Protein chains: 2
Amino acid sequence: MPVRDMSVMCAVCSGRRARPNLNLLLLLILLLGPHTVEGVWPLPQAITSSTERYPLTPQAFCFSYGRRSAARFINNPPISLYILWLSTGLETFSQLVYQDDFGSYFVNKTKIEDFPRFQFRGILLDTSRHYLPVKTILKSLDAMAYNKFNVFHWHIVDDPSFPYQSHTFPDLSSKGAFHPMTHIYTQSDVRRVISYARLRGIRVLPEFDSPGHTKSWGKGQSDLLTPCYKGGIPSGTFGPVNPALPSTYQFMERLFKEVSAVFPDSYIHLGGDEVDLSCWRSNPYVRAFMQKMGFGVDFAKLEAFYMEKVVNITSFFNKTSIVWQDVFDYHERVMVEVWKEGCYLCEVRRVAKAGLRVILASPWYLDQPGPTHNWARYYTVWPLAFKGTEEQKSLVIGGEVCMWGEYVDATNLAPRLWPRASAAAERLWSNEKQTSSVDKAFPRLQDFRCILLRRGIQAEPLYVGHCKHEYHSV
Amino acid sequence: MPVRDMSVMCAVCSGRRARPNLNLLLLLILLLGPHTVEGVWPLPQAITSSTERYPLTPQAFCFSYGRRSAARFINNPPISLYILWLSTGLETFSQLVYQDDFGSYFVNKTKIEDFPRFQFRGILLDTSRHYLPVKTILKSLDAMAYNKFNVFHWHIVDDPSFPYQSHTFPDLSSKGAFHPMTHIYTQSDVRRVISYARLRGIRVLPEFDSPGHTKSWGKGQSDLLTPCYKGGIPSGTFGPVNPALPSTYQFMERLFKEVSAVFPDSYIHLGGDEVDLSCWRSNPYVRAFMQKMGFGVDFAKLEAFYMEKVVNITSFFNKTSIVWQDVFDYHERVMVEVWKEGCYLCEVRRVAKAGLRVILASPWYLDQPGPTHNWARYYTVWPLAFKGTEEQKSLVIGGEVCMWGEYVDATNLAPRLWPRASAAAERLWSNEKQTSSVDKAFPRLQDFRCILLRRGIQAEPLYVGHCKHEYHSV
């Protein structure tokens, strides 16, 4: 059978892929043959393969559920029966299949035990700086599943545009999107993305970043943003969300009530990064509010106050909040995403010491094109290489590739993501000791990149060479 | 009418686009309206536009040949007749057309006089380091025409693979291509590319680079490459083409006889770059040949001897040879392409002072992804900014964008080329004084990039924003 169908079947029959902590046992008892494939990407925790090969006949191949809640893989039943025990792992299985020169499919005798190193393996896509068509998002979800990523962090709105069509506040997109009809995500679009992701074992983590990064919100919601002042009078420009008005929190409550229902995941990302304080500082009403609240001139306290209110709102809707590292100091009930350059492990350590869960993004900013061969930079990342207790290290729940949208849209998203993000995928899934060598990973990654091509993912080449099935651009 | 059809029509009715030295006169007499488009890319030599606009009705629009060998543009004949004089320029015209919010097409009253600054405006594609499907090449030719590039420099073979299927030497591709059936260009493929290019005013300049960069040639042609020696015996590895054997020149004569017939263009690129002399040096027969020829130990003389022979062969077939700058010192009948980094204008000057024609490639190596916004780097290039006489400057016949294939194949070719190559396109076409400002060019280039998207070219974004017609990846 075509490998592509197999991975679809995987999505259909394995509702458990969303729970990657379950162990996986792949056992194939196979016939004799000379071939080995380069291997599986990301590398399983334990893999033993041999040159014994076993033919897969499309006409006599099916999956069925067996005992021990495992799937059965039955081939050519009149002759023999081969059983595959697995709870998750059809993606892995599909990568073991190869064709000979006559087009026949084979799989070598292989024993695999597998589980992910980190529970949170995310990719951020930014649909505010450039709009990504729904089809482009779905295609990215396909590629994510092939790489065993399990979180789609949807940075859905930001300063430049507000493409999320809210039914509570329809003006947000009708006035804040690049175009009110063609550059939006309808409720139906969002449902489609969530459902498509779920079938691939991927959770959708929406981000509604505030109080900064909200310029586009202001277009459809008056009095939400802070009017900036110059020389004692309003300058006509607007800054972050206005934390001094009760109406702000009424708006946020209604918005997050909707968002919490539309996005069923238990996580929500609240942003909180890069708040420009100068506009708050310029505004006399904001300053008066701070006096009243006893914040003095400490704008960090104002920011903390605002974030606390929003975290409370989302907590009420049973969500766990994630925030960017900028605001971690003030909260106890949040997960913190570390994104800044420099000694990011220092920051990871600081958060873990404070007892909060951490997601690492700093080394995986892929939005800027780099010098070639830089996939190795994303591979040689050691997220736990900081001084800390086992308990602290267990608070590092995973990592995330960030694909910001300043220079990225549907034209270049796929080749910029793949196979560079695959390097991060292996780091987040596999045993670090078994995957510390760039040289050993290289041929396996080249092989995996060809698998991505064959499945229609526009993954760029790592170096000179070819794939059996090249990408056809048109 | 849809703009896309118009540009096709342009290709069909204007056989003169291949001779860009002819002046162009676009005169549109138009009705009243409020809109102006950002402008044409590359910028015409003279353009005067107004806000008067004129509707284009698909049902009542056609081109027909008129007097003065010009095309006539007739719209809505029952009411009025509008005439467009042009020898080339339908691409330009198509860029002036825009839609209003109801989908109607308009063009503003515009007067254009145009001609290219340089006669040679090339793009090199490398089909040896990665194979490019024919469809990908054709799509690139479309984009080239939109940018008024007029030379497709086809670096068709090199060390890694020999995809050109020669009828004289079929083993070259059957043994030297990545795959003898799926990764080759048949004679019919080549004819298709040449014909497709010709209809778009683009000449196809084939490159068969030797004596270096020929590893793949050796697989299908024994005794062609120089056996390297180590410790007095052949090491089993091979170096450049063997210049000491008469059979080498017999082979080249037959190969270039075929190539000269298959590629009708009067130019041919012979390469000549980066010859590794150590293998020649190691080979006792090569050294003996040098003694016999009186070259002593001057391997540059040997290289010059070889290139002279090959230039003679192609001259016999009425071709003008182009070589990379490495070998320019020794020849008088060649055009020289400057590609090395550093003071490339020093080299341009040196070649021009020697009285040879020059093509500049150094500043337009686009194969490596750069930091974003680097389109400006390719825009702020001044090819004639060297001390020299007018006559010497006139020897600079143009420039070329080089898209080498180490890290590029069909997955990332288009977004890596466009719109960065458009920056070079304007530099090679337009008046330098009118196009020296990056800031002034930016909005026009953003507009042009949206035109490329609408026409199906996967051109990447320059910065945050959107196009009316986004690229749909699937």
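**How many salt bridges does the count give over all chains?**

Solution. A salt bridge is a side-chain nitrogen of Lys or Arg within 4 Å of a carboxyl oxygen of Asp or Glu. By this rule there are 28 salt bridges over all chains. This is a predicted model, in which local features need pLDDT of at least 70 and side-chain atom pairs count only at pLDDT 80 or more, while totals for chains, interfaces and linings use all residues. Residues are numbered from 1 along each chain as its sequence is written, chains are lettered from A and ligands numbered from 1 in the order in which they are written, and side-chain values use heavy atoms, with hydrogens and water left out.

**Exercise 1. Describe the interface between chain B and chain A.**

Step 1. Begin with the contacts, where contact means heavy atoms within 4.5 Å. In chain B, 41 residues are in contact with 41 residues of chain A.

Step 2. Turn to the buried area, which is the accessible area (1.4 Å probe) that two parts lose on being put together, summed over both. Between chain B and chain A this area is about 3600 Å², and carbon and sulfur atoms give 59% of it.

Step 3. Consider the polar contacts, each a pair of N or O atoms within 3.5 Å; within protein, one must be able to donate a hydrogen and the other to accept it, and residues adjacent in sequence count only if both atoms are side-chain atoms. Between chain B and chain A, 21 residue pairs are in polar contact (both at pLDDT 80 or more).

Step 4. Locate the elements involved; helices (H or I, at least four residues) and strands (E, at least two) are DSSP runs, numbered from the N terminus. On the side of chain B that touches chain A, α3 (134–146), α14 (413–417) and α16 (438–454) of chain B each supply at least two residues. The largest share, 3 residues, comes from α3(B).

Step 5. Classify the residues on that side of chain B: 17 are nonpolar, 14 polar and 10 charged. Here Ala, Val, Leu, Ile, Met, Phe, Trp, Tyr, Cys and Pro count as nonpolar, Asp, Glu, Lys and Arg as charged, and the others, Gly among them, as polar.

**Exercise 2. Which residue of chain A does D409(B) meet in a salt bridge, and where do the partners lie?**

Step 1. The count between chain B and chain A is 4 salt bridges. One of them pairs R416(A) with E460(B), whose closest N and O atoms are 3.2 Å apart.

Step 2. D409(B) meets R449(A) in a salt bridge at 2.7 Å, N to O. D409(B) lies in the loop between β16 (396–403) and α14 of chain B, and R449(A) lies in helix α16 of chain A, so the pair joins two chains.

Step 3. Buried means under 20% relative accessible area, exposed over 50%, and partly exposed in between (1.4 Å probe, protein chains only). D409(B) is buried at 1%, and R449(A) is buried at 5%.

**Exercise 3. How many disulfides does the structure hold over all chains, and how is C450(A) bonded?**

Step 1. A disulfide is a pair of cysteine sulfur atoms within 2.5 Å. The structure holds 6 disulfides over all chains.

Step 2. C450(A) is joined to C467(A), S to S 2.0 Å. The torsion about their S-S bond is about -75 degrees, so the disulfide is left-handed.

Step 3. C450(A) is partly exposed at 22% relative accessibility, while C467(A) is buried at 1%.

Step 4. In chain B, C343(B) and C346(B) form a disulfide with sulfur atoms 1.9 Å apart. With 80 degrees about the S-S bond, this link of C343(B) and C346(B) is right-handed.
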